Amino acid sequence: MSRSERVYVAGHRGLVGSAVVRQFRSAGYTNLITKPRSELDLSDQASVRAFFEDERPEIVILAAAKVGGILANDTYKADFIFENLAIATNVIHAAHECAVQKLVNLGSSCIYPKHAPQPIKEEHLLTGPLEPTNEPYAIAKIAALKLCRYYHEQYGDNFVSAMPTNLYGPGDNFDLVTSHVLAGLIRKIHEATINGGPVELWGDGTPLREFLHVDDLAAAILFIVEEIEAGSLSARVPDLFVNVGTASEISIRDLAKLIGRIEGYTGEFTWDSSKPNGTPRKLMDSSVIHQLGWSHRVSLEVGIRTTYEWFLANHDAV
Ligand code: GFB
């Protein structure tokens, strides 16, 4: 089936954006619009507005963001809040001004309170203090989802948001300092398998995390574009967003063991308690999107294996 709408994927070189491009192409979308950062600075309002007026996208996937793991979030706090607020306000406002028919805004499970009830439902947003290590990023992502909600309420815009749990997959950032845990561990354990252990990990290994393969998220985004309208979602979730997760969690300690088994690492793990644990647990309740018809397909073990294969094939470049 040919799908000819003009779809702008903001952030098409990132983990999420590149998966969205693959997903939409294979679903038959023939009119994808992308623009590298060197040609369009999404934190510049006038440039974003001019781009939207030239290109006139009909569908927008807002996957552009400054992202990183716990240490990057904790270190570059001003950059995380400023860049993410600027990108969100510029893109969402330009989409409104240019009468975009559908916008899907990407957030993160870190929008929820540090001690939210588990599993976390959409209604738990803004019911308690945030996790300090990623408060700047979370505030920007909360502002973005509220922008979408209020553009819908005031103007009727069909703008909705998706809140994925911790992501991983091909094209991830494997930097040892700025990466998220799963990609960071793939690399640390790979290097220790070659050079010898131990592998030094951060915190104490007790935090629980839920992991979603980015191709599953891209399928969820396609599903939201085609099946979920702001008007009908508002009765269930007034803030117009859906959790996107797998409903299963694993401790960081067990994740390290699993990646070690997949990579053939037989050495020790040590824990650096001077590094933060972050939030103790953030399992999301994804029953809203499950009931609407999406669910994940890639198991954690298969996802880690294929991501490790991608890393082996590309690690000189990452
Ligand atoms: O994925 P991650 O960096 O971020 O870390 P969050 C998850 C957990 O893994 C923390 C531990 O408890 C870390 O202390 N960890 C152990 C490691 N070893 C490592 C390592 O080598 N690298 C990394 N990165 N972690 C992020 C937020 O929180 O979640 C973002 O900072 C975003 O804003 C993302 O929301 C989804 O899961 O704690």
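1. In this predicted model, the axes of helix H4 (residues 77-97) and helix H5 (residues 135-155) come within 8 Å and cross at roughly 15°. Angles under 35 degrees count as roughly parallel, and H4 and H5 are therefore roughly parallel to each other. The crossing of these two helices, H4 and H5, is right-handed.

2. As for the residues that form this contact, the H4 side consists of Lys77, Phe80, Ile81, Asn84, Leu85, Ala88, Thr89, Ile92, His93 and His96. They meet a set of residues in H5, among them Pro136, Tyr137, Ile139, Ala140, Ala143, Ala144, Leu147, Cys148, Tyr151 and Tyr155.

3. How many disulfides does the model hold? The count comes to 0 disulfides, where a disulfide is a pair of cysteine sulfur atoms within 2.5 Å. For cysteine 110, the closest cysteine sulfur is that of cysteine 148, and because the two sulfurs are 16 Å apart, they are too far from each other for a bond. Cysteine 148 is likewise in no disulfide, and the cysteine sulfur nearest to its own, that of cysteine 98, is 15 Å away.

4. Are cysteine 110 and cysteine 148 buried or exposed? Cysteine 110 has 5% relative accessibility and so counts as buried, while cysteine 148, which is also one of the H5 residues in the contact with H4, counts as buried because its relative accessibility is 0%.

Note on methods:
Residues numbered from 1 in each chain as written. Predicted model: local features only at pLDDT ≥ 70, side-chain atom pairs only at ≥ 80, totals over all residues. Heavy atoms only, no water. Axes fitted to C-alpha atoms, helices over the stretch in contact; angles between N-to-C directions. Helix = DSSP H or I, 4+ residues; strand = E, 2+ residues; numbered from the N terminus. Parallel < 35°, antiparallel > 145°, perpendicular 65-115°, else oblique. Left-handed = near helix turned anticlockwise from the far one by under 90°. Contact = heavy atoms within 4.5 Å. Buried < 20%, exposed > 50% of the residue type's maximum accessible area, 1.4 Å probe, protein only.
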